[in-house]
Amino acid sequence: MSRSLNYSKWDNIEVSDDEDDTHPNIDTPSLFRWRHQARVERMEQDKKDSQKIDMEKKQTAQKVRELQSKVEKLKTETVNVPDEIEQELKELQMKKNKIKAEEEELNKRIQTRPLNVDTLSTEGFSKSILNKPKDYPKESELTDEQREERYVKFVKENKTLIQKYGMYRKWEDSKEFLMENKFLACEDTANYLAIWCIDLEVEEKRSLMEQVSHQCVVMQYILELSKSLDSDPRDTLTMFFTKIREAAASDYKKAFDDELSSFRDRVRGRAQARIDAAMKEYEEEEREKRLGPGGLDPAEVFETLPDSMKECFETKDIPMLQQIVSEMDQAVASYHIKRCIDSGLWVPGDNDDDKETDNGVEDEEEVDMNAVNKEVEESGLRHRHGGSKDEN
């Protein structure tokens, strides 16, 4: 059973301005002012008496502690305690008892005094708050170098926290985490999450990418809201999460879902572009490895040869190649043979060194077909299509 409240203190209330029994010859407003002034003076005197008692209590307690410390010190030194100290201790104890009695009397007098307009209620606490905008550094004031340095340092210090935020699925969990780590509400977090999404898509971790992409769009919406309000993102966290929860079936939530879908499409496109660039770079590296002494790709040169010459290289048939070269137009044959040499499909023998430069390419524009026929017979024929190397 709950304890009943005691309302007895409201039975005796002194209110000076609700009396109607004043004498007609007395100025009622003046009487009320005098009574109120007397009441205020009594309260001030009670306050002074209370402060005086508190001060005397502290001073007396301090003296008692000092004397007791002296007594303890003398006892440890096996010295008799002087009578003067014991007498002073007794006097101080009597003074403490007197102060206590005065304090009890004062408290009783204050408690039994009727309540009035000045004591009916007291202020529990008083606090003034000035809404002053926080001085956060603006993004537009930073140079590209400063942004890059800040991003690298930010990610290095907070990578674990950013990834933890990226794993939250519920609005309340995301809000609670960001409210505890408000510094994460910034452009650097959004940039890291976007790059992480692309990395996950490249690694074909698509479910995880969709999860992180949701949190990335949340961060982007917080940043956009702060820009529209011209405030810092850290000051708009509560507003965003309140707005997105209340807008579960509104245009705001629909716009969020549309942006999320578009963002995921952009992530997939960027990931595919990165894969294509990596493949192109790999193919270029492989092509560089295949290049012959004249800087031509043997695979590309092989594809431009007449079918009859292709068959000779594929079967490594030197007599057939000699016959085909002799039957071809001299200019055409010279063109194809020179490209075979430059690509490494055909490696000249030592007997042609005097006709070649240090790079292995002939100085003359036209190839001596007699020398070619002789070379086909006497030197090795190398088929390097696809990078293989065979010598007869």
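These entries record what I looked up in the predicted model.

**Basis.** I worked from a predicted model, in which local features need pLDDT of at least 70, side-chain atom pairs count only at pLDDT 80 or more, and totals for chains, interfaces and linings use all residues. Residues are numbered from 1 along each chain as its sequence is written, and side-chain values use heavy atoms, with hydrogens and water left out.

**Confidence.** I looked up pLDDT (the predictor's confidence in each residue, from 0 to 100). The protein chain averages 77, and 74% of the residues score at least 70. Helices here are DSSP runs (H or I, at least four residues), numbered from the N terminus. Over residues 350–368 pLDDT stays under 50; I noted 26 contacts there beyond four places in sequence, contact meaning heavy atoms within 4.5 Å.

**Core.** I then turned to the largest nonpolar core, which has 37 residues. Such a core is a set of buried Ala, Val, Leu, Ile, Met, Phe, Trp, Tyr and Cys residues joined through side-chain atoms within 4.5 Å, where buried means under 20% relative accessible area (1.4 Å probe, protein chains only). Its largest share, ten residues, comes from α6. Leu-178 is among the residues with the most contacts inside this core. Beyond its neighbours within four places in sequence, Leu-178 touches Tyr-165, Leu-184, Met-219, Ile-222, Leu-237 and Phe-241. A second, separate core of 16 residues includes Leu-305 and Ile-341.

Definitions and conventions
Buried < 20%, exposed > 50% of the residue type's maximum accessible area, 1.4 Å probe, protein only. Helix = DSSP H or I, 4+ residues; strand = E, 2+ residues; numbered from the N terminus.
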